[in-house]
Amino acid sequence: LKAEITFIPEKERKIRTFYQEHAKSLFEKETAMKYDYLIYLDGIYEEGKLSKTDRKTLIDLIAAESEGVTDYMNEEQRSVIVPLVHKYEELLSGMTHEELEMEAVQDTLFAIQMMGFKLNKKMKNAKTEEELLNAFNDLMKNEMEKMEAAEEKEQQRRAAREEQKSSQSRERKMKEEQTLKSMREIYLELVKELHPDRETDETLRAQKEERMKQLTEAYKQKDLASLLMMQINWLQEESAKTPQSQTDEV
């Protein structure tokens, strides 16, 4: 979804370019024709030469043709057409423009509440549907900004947690590597000293063979405690043999 979102600005740019180069002129032409058409139909209605049925039909027609017609009009055209649109909306509904606006506001407020949004003061005080929609858009914009800020904070927290985990993992790996290095050093030192091939006495040779088995098994199992104990035992044995040759450090 994020990958798709990154292409939205480019898609929008292409749509805007296409609109400017190909569609805009057609909409402007249609708007100019609609403007003249509505003025013409209004003139027929105002002449008052139609039957009651035809007048009703003409009101329905003008109301239908007026829907969304001001979207592409300039200010001059809009100043003429907007009052005309209000006029035929009132004739069609039997209500004043103010009453229609309040009804639209109430319907929109109900729809917003049904969607689960809480009404703020600006939305409650809106006098027209346009004011209400602008207030709702402001609310949505604020909510989106809050969500983006919260998402950014969460990403920062996730990044911090990942960095902490990574740091701990690196630290554990270093400790493991140091431990393995120490174990290998101990193992090689003891192999050199305890290898049975260097022993001529059969009894001592058998003892060293047994101890070599224990040493190899401990190293295979990465049993640092056993290796350290075997190293300590060997150092004690060597110290007992030649105590005068051992330094405090050893």
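**Entry 1: Thr-108**

Helices here are DSSP runs of H or I with at least four residues, strands are runs of E with at least two, and both are numbered from the N terminus. Thr-108 is buried, at 12% relative accessibility. The cut-offs are under 20% relative accessible area for buried, over 50% for exposed, and partly exposed in between, with a 1.4 Å probe and protein chains only. Leaving out residues up to four places away in sequence, I listed Glu-129, Leu-132 and Leu-133 as what Thr-108 touches. Contact means heavy atoms within 4.5 Å.

I noted that this is a predicted model, where local features need pLDDT of at least 70 and side-chain atom pairs count only at pLDDT 80 or more, while totals for chains, interfaces and linings use all residues. Residues are numbered from 1 along each chain as its sequence is written, and side-chain values use heavy atoms, with hydrogens and water left out.

**Entry 2: the whole chain**

I counted nine helices and zero strands in the protein. What is the radius of gyration of the protein? The value is 45 Å, whereas a compact globule of 250 residues would have one near 18 Å. The radius is taken over C-alpha atoms, and the globule rule is 2.2 Å times the number of residues to the power 0.38. Along the principal axes, the C-alpha atoms fill a box of roughly 135 × 40 × 30 Å. Of the 250 residues, 20% are buried. Among contacts with a separation of 6 or more, 47% are between residues 24 or more positions apart.

**Entry 3: aromatic pairs**

I found five aromatic pairs in the structure. Rings of Phe, Tyr and Trp (its six-membered ring) pair if their centres lie within 6.5 Å; planes under 30 degrees apart count as stacked, over 60 as edge-to-face and the rest as tilted. One of the pairs is Phe-27 with Tyr-72, which is stacked at 4.7 Å centre to centre and 5 degrees between the planes. Phe-27 lies in helix α2 and Tyr-72 in the loop between α3 and α4, so the pair ties together parts 45 residues apart in sequence. Phe-27 is partly exposed at 28%, and Tyr-72 is partly exposed at 41%.

I then checked Phe-117 and Phe-136, an edge-to-face pair with 5.2 Å between centres and 85 degrees between the planes. Phe-117 sits in the loop between α5 and α6, and Phe-136 in helix α7, 19 residues apart. Phe-117 is partly exposed at 26%, whereas Phe-136 is buried at 13%.

**Entry 4: salt bridges**

How many salt bridges does the structure hold? I noted 16. A salt bridge is a side-chain nitrogen of Lys or Arg within 4 Å of a carboxyl oxygen of Asp or Glu. Lys-87 and Glu-46 form one of them, at 2.2 Å from N to O. This pair links distant parts of the chain, with Lys-87 in helix α4 and Glu-46 in helix α2, 41 residues apart. Lys-87 is partly exposed at 26%, and Glu-46 is partly exposed at 49%.

I also looked up Glu-171 and Lys-175, whose side chains meet at 3.5 Å, N to O. Both lie in helix α7, four residues apart, about one turn of the helix. Elsewhere, salt bridges that share partners join Glu-151, Glu-154, Arg-157, Arg-158 and Arg-161 into one network.
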